[in-house]
Amino acid sequence: MMISVENIEKKYGEVKALRGVSLDVKEGELFGLIGPDGAGKTSLIRILVTLLKPDAGSATVNQLDVVDDFRKLRKQLGYMPGRFSLYPDLSVEENMNFFATVFGTTIEENYDLVKDIYQQIEPFKERLAGRLSGGMKQKLALSCALIHAPKVLILDEPTTGVDAVSRKEFWEMLKRLQKMGITIFVSTPYMDEANLCDRVALIQDGNILTIDTPEKVTQSFAHKLWAIRSDNMYLCIHHLREHPEAESVFGFGEYLHVTWKNQEMQAEEMMNYLTGLGHTNVEVKETEPGIEDVFMDLMQKHDS
Amino acid sequence: MEKENTVIRVRDLVKKFGHFVADDHLSFDVYKGEIFGFLGANGAGKTTAIRMLCGLLEPTSGELTVAGLDGFKQREAIKRRIGYMSQKFSLYEDLTVHENIRLFAGIYGIPTRIRREKTEELLEKLELTSARKKLVRDLPLGWKQKLAFSLAIIHDPSIVFLDEPSGGVDPVTRRRFWDLIYEAAHEGITVFVTTHYMDEAEYCDRVAIMSAGKIVALDTPEALKKEWDATSMDGVFLKLARSNE
């Protein structure tokens with residue numbers, strides 16, 4: 001195992017950020033930690049990168065204990081924090097040199113690893129890091145995190161607030177790094193990014209809801225799921241929620257995703273119910289659940 | 001007819017910073033009660049455009065009317081007539097729920113005689129009556145988001161601007177928030193919203209996509225998907241919104 005986490009707990013005063021988290025990440029895996037703000041993602045990551053001590057439980061990265069072996073471990077891991085934490089008043093090149101020197105290496109020594117990414121910002125190497133655009137800052141931060149050729153790369157929400165195009169490019173960079181043999185542990189609040197990972201852990205309120213491949217996670221959804229729409233989506237939501245057999249009704253893109261207490265509910269019955277209430281262009285069809293459907297189902301079960 | 005229902009009218013709107021053209025001849029209309037999605041890659045010129053529409057930034061040239069007011073000469077009046085909410089909610093964390101409501105009601109000039117009534121009405125609607133004395137800091141994120149939205153429309157504006165309002169919240173909270181948006185639109189408030197979640201683009205009546213300072217597409221999600229031969233708005237966005245770095 002490249003990362004092994006056992007029953008980690010962390011409290012801030014009265015607030016329980018992590019309530020007994022356990023997970024394993026295999027060597028060479030691209031592992032996603034997926035959950036909303038406040039779920040405990042950053043706490044777990046800060047423990048893994050030795051910046052925070054757990055209250056209970058233990059964790060190792062590349063067989064090194066995150067508390068006892070922190071000095072050794074820091075040399076072996078690459079960490080990209082959620083906030084831009086390079087030196088804004090140093091240039092691109094100066095930042096790279098600084099991080100290389102801190103880790104006792106040079107840009108040239110591990111250039112192969114960062115070449116792909118660094119080349120995209122090299123034309124601006126004289127520019128101060130604080131004056132780069134969001135996308136370029138991100139590429140510089142990733143280059144700096146890789147400069148000492150780490151075995152594991154740990155990234156805290158690298159795609160938050162980033163547009164869909166840049167997000168896609170960033171994931172392509174991660175995939176290329178994985179092919180070069182680096183184990184990657186990445187957190188994200190975007191559920192749709194789950195499908196880009198080998199395995200994912202869904203986290204909410206300091207608890208892991210499930211850990212599996214994205215395919216198996218979606219297969220675990222136990223209800224029949226219906227996609228429904230009409231010309232008036234606002235009223236469609238209300239009318240469906242008023243139905244005594246309705247279990248959950250939520251917007252999912254252009255359709256509503258609906259589950260029923262009665263699994264035998266037929267499309268025709270739903271159709272008649274809505275047209276009877278004056279809806280036009282009603283569409284009802286069975287659909288495949290996504291990671292978000294599963295997440296919502298698991299978090300509601302966990303709450304009750 | 002069309003003019004009566006047009007809440008925002010934009011013609012050849014340009015904003016330059018020095019030689020840099022952030023917004024390059026934007027033209028579009030937003031109609032009453034519509035949910036209008038405004039998408040684009042980082043740096044495409046969205047934020048500059050929104051700041052002009054909200055009266056925060058003076059355009060370089062073109063025509064701009066928001067809620068019947070001129071975007072060049074009546075910017076102060078525009079600020080009072082619109083609602084605005086960003087991802088960083090503008091709530092005061094160290095004030096209670098009740099104090100925040102009173103503060104915003106005061107800022108937006110709600111007359112004193114109806115302020116109390118309005119406050120109680122809002123507390124009840126948000127199911128926050130028992131939490132009225134709680135500090136906003138101690139509220140769960142989803143409640144803060146609901147409160148921030150309700151305060152952004154406490155003065156019954158004809159239009160509310162939502163700048164990435166749903167970042168980072170869990171999927172249930174995110175959808176409950178869209179329930180509020182639907183409700184506001186149903187009541188006739190025009191909603192102008194930016195988002196990075198492409199599924200949310202599908203909830204909009206019409207969507208404009210910006211790239212490199214220009215509007216490159218504007219239509220209903222359905223028509224855009226058809227035109228760009230995509231099964232989702234994500235597909236449309238990836239085809240249109242080239243990163244301009």
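**Figure 1. A lysine in strand 1 of chain A.** A:K10 sits in strand 1 of chain A, which spans residues 3–12; helices (H or I, at least four residues) and strands (E, at least two) are DSSP runs, numbered from the N terminus. This is a predicted model, in which local features need pLDDT of at least 70 and side-chain atom pairs count only at pLDDT 80 or more, while totals for chains, interfaces and linings use all residues. Residues are numbered from 1 along each chain as its sequence is written, chains are lettered from A and ligands numbered from 1 in the order in which they are written, and side-chain values use heavy atoms, with hydrogens and water left out. Is A:K10 buried or exposed? With a relative accessibility of 11%, A:K10 counts as buried (buried means under 20% relative accessible area, exposed over 50%, partly exposed in between, with a 1.4 Å probe and protein chains only). A polar atom of the A:K10 side chain lies 2.9 Å from the backbone oxygen of A:K53. Not counting residues up to four places away in sequence, the residues that A:K10 touches include A:V15, A:L18, A:I47, A:L52 and A:D55; contact means heavy atoms within 4.5 Å.

**Figure 2. Chain A as a whole.** Stepping back, you can find ten helices and 14 strands in chain A. Its C-alpha atoms fill a box of roughly 75 × 45 × 35 Å, taken along the principal axes. Of the 304 residues in chain A, 52% are buried. Among contacts in chain A with a separation of 6 or more, 69% are between residues 24 or more positions apart.

**Figure 3. Where chain B touches chain A.** Here 31 residues of chain B are in contact with 34 residues of chain A. About 2,600 Å² is buried between the two chains, and carbon and sulfur atoms give 58% of that area; buried area is the accessible area (1.4 Å probe) that two parts lose on being put together, summed over both. Four salt bridges are found across this interface, a salt bridge being a side-chain nitrogen of Lys or Arg within 4 Å of a carboxyl oxygen of Asp or Glu. B:D179 forms a salt bridge with A:R241, with the closest N and O atoms 2.8 Å apart. On the chain B side, helix 7 (171–186), helix 8 (198–201) and helix 10 (233–240) each give two or more residues. Which helix of chain B gives the most? Helix 7 does, with nine residues.

**Figure 4. A glutamine in helix 6 of chain B.** B:Q145 belongs to helix 6 of chain B, residues 141–152. B:Q145 has a relative accessible area of 1%, so it is buried. Leaving out residues up to four places away in sequence, B:Q145 touches B:M85, B:F89, B:P165, B:S166, B:V169, B:T173 and B:F177.

**Figure 5. Pairs of aromatic rings.** Over all chains, the whole structure holds 14 aromatic pairs. Rings of Phe, Tyr and Trp (its six-membered ring) pair if their centres lie within 6.5 Å; planes under 30 degrees apart count as stacked, over 60 as edge-to-face and the rest as tilted. A:F98 and A:F99 make an edge-to-face pair, 5.4 Å centre to centre with 90° between the planes. A:F98 is partly exposed at 35% relative accessible area, whereas A:F99, at 17%, counts as buried. In chain B, B:F161 and B:F192 form a tilted pair, 5.2 Å centre to centre with 50° between the planes. This pair links distant parts of the chain, 31 residues apart: B:F161 is in strand 7 (residues 159–163) and B:F192 in strand 8 (residues 190–194). Both B:F161 and B:F192 are buried. Ring pairs also join B:F28, B:F36, B:F38, B:F161 and B:F192 into a cluster.

Key:
Polar contact = N/O pair within 3.5 Å; in protein donor to acceptor, adjacent residues only side chain to side chain.
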